[in-house]
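Here are some notes to read beside the structure. Take the points one at a time and find each place in the model before going on.

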Amino acid sequence: MQDNTPRLLEESINSLRQIAKVPPKIAIVLGSGLSAFGDSLKNPIRQPYSEIPHFPSGRVSGHSGCMILGQLPGHDIDVLVLSGRAHLYEGFHVDEVVHPVRAIRQWGVEKLIITNAAGSIRRKMQPSELMHISDHINFTGQNPLIGPHHPDYGERFPDMSAAYNPDMGALLQTTARELGIILHQGIYAGFLGPSYETPAEVQMAKNMGAHAVGMSTVCEVIAGHQLGLDICGISCITNLASGISETPLHHDEVKWAAEQGRERFLTLLNAFIPKLSSQ
Ligand code: HPA
């Protein structure tokens, strides 16, 4: 694509409008191994990314990218799920990586929960536990706002001091506390990948204040925040990061830990979303 023009977005949005006349207020991006939430929705309408104009598809890893619109079990709350995402390391241009987030925001979504799998830099934050992302460090070398400025998207130089909405974060923390779910809080360092970080890179991220490392999220948050989306981030810790772990990292370990954390993740979301919808 390598093109962030409003015309492409308009074509995507026209297609989304055919799925539902009224856009849902809340959406969630599901990271690696976290697709179970999408499968739990009632009355789901599924739309593969390949059938939505300009949504990235073809190289989306793990499972094929799919948008699901449905209701939260036990509630009449509409939720839009972006199950699967395009990563920079797959060779997607940053405009393609953030296109779904821009499209759903321009359609009318107001609040976004963005999730990912991440490696922990803190020993006390263990695989299958969850971390509320309070801020990020962008180590990808990319930025989705590079290029022509489209005033419709927001500021040319957006303030990033509250990219992760503090009110949403506080609500997430309260929800976890009420449920007795361990929810760490920390800073997510987004790397380009696809090689895992070296121990020296993890040490650098740690020295700079990061608590977890991963290969997604930061560009989507920049683009979504510019457009005025209220964003809340959750990392599912799948491994101890390179050099913190005593064993070499393997993708199977990441998938296994995401599976282990699944129940906790679903419980948290099922309690958090109703609170969010009445906030
Ligand atoms: N590093 C980068 N990305 C990841 C990791 C990691 O340790 N674990 C899951 N995604």
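1. In which helix does E96 lie? E96 belongs to helix α3, which covers residues 94-107. Keep in mind throughout that this is a predicted model.

2. Is E96 buried or exposed? E96 has a relative accessibility of 13%, and buried means under 20%, so E96 counts as buried.

3. Now the protein as a whole. Its secondary structure consists of 8 helices and 9 strands. Along the principal axes, the C-alpha trace spans about 50 × 45 × 35 Å. A compact globule of 279 residues would have a radius of gyration near 19 Å, and the 17 Å of the protein agrees with that.

4. Of the 279 residues in the protein, 55% are buried. The accessible surface comes to about 11700 Å², and carbon and sulfur atoms hold 50% of it. Among contacts with a separation of 6 or more, 82% are between residues 24 or more positions apart.

5. Which residues surround the ligand? The shell is made of A117, A118, G119, Y196, E197, V213, G214, M215, T238, N239 and L249. Sorted by class, the shell has 6 nonpolar, 4 polar and 1 charged residues.

6. Three strands each supply at least two residues of this shell: β5 (111-120), β8 (212-214) and β9 (230-240). The largest share comes from β5, with 3 residues.

7. What lies 2.8 Å from a nitrogen atom of the ligand? It is a polar atom in the side chain of E197. The side chain of T238 likewise has a polar atom 3.4 Å from a ligand nitrogen. At G119 the backbone is involved: a polar backbone atom is 3.4 Å from a nitrogen atom of the ligand. Taken alone, the ligand exposes 260 Å², and the protein buries 95% of that area.

8. Some backbone details deserve a separate look. Most residues other than glycine have a negative phi, and most peptide bonds are trans. The bond joining G193 and P194 is a cis peptide bond, with omega about -5°. P194 is found in the loop between β7 (183-191) and α5.

9. S128 is not a glycine, yet its phi is positive, near 80°. This residue sits in the loop between β5 and β6 (130-139). Its relative accessibility is 14%, so S128 counts as buried.

10. T217 is another residue other than glycine with a positive phi, here near 75°. Where is T217? T217 lies in the loop between β8 and α6 (218-226). With a relative accessibility of 0%, T217 counts as buried.

11. Last, G209 is in the loop between α5 (199-207) and β8. G209 and A189 are 20 residues apart in sequence, and their C-alpha atoms are 9.0 Å apart in space.

How values were computed: Residues numbered from 1 in each chain as written. Predicted model: local features only at pLDDT ≥ 70, side-chain atom pairs only at ≥ 80, totals over all residues. Heavy atoms only, no water. Near = heavy atom within 4 Å. Polar contact = N/O pair within 3.5 Å; in protein donor to acceptor, adjacent residues only side chain to side chain. Areas by Shrake-Rupley, 256 points an atom, 1.4 Å probe, with all protein chains shown as cover. Helix = DSSP H or I, 4+ residues; strand = E, 2+ residues; numbered from the N terminus. Nonpolar A, V, L, I, M, F, W, Y, C, P; charged D, E, K, R; others polar. Rg over C-alpha atoms; globule rule 2.2 N^0.38 Å. Buried < 20%, exposed > 50% of the residue type's maximum accessible area, 1.4 Å probe, protein only. Contact = heavy atoms within 4.5 Å.
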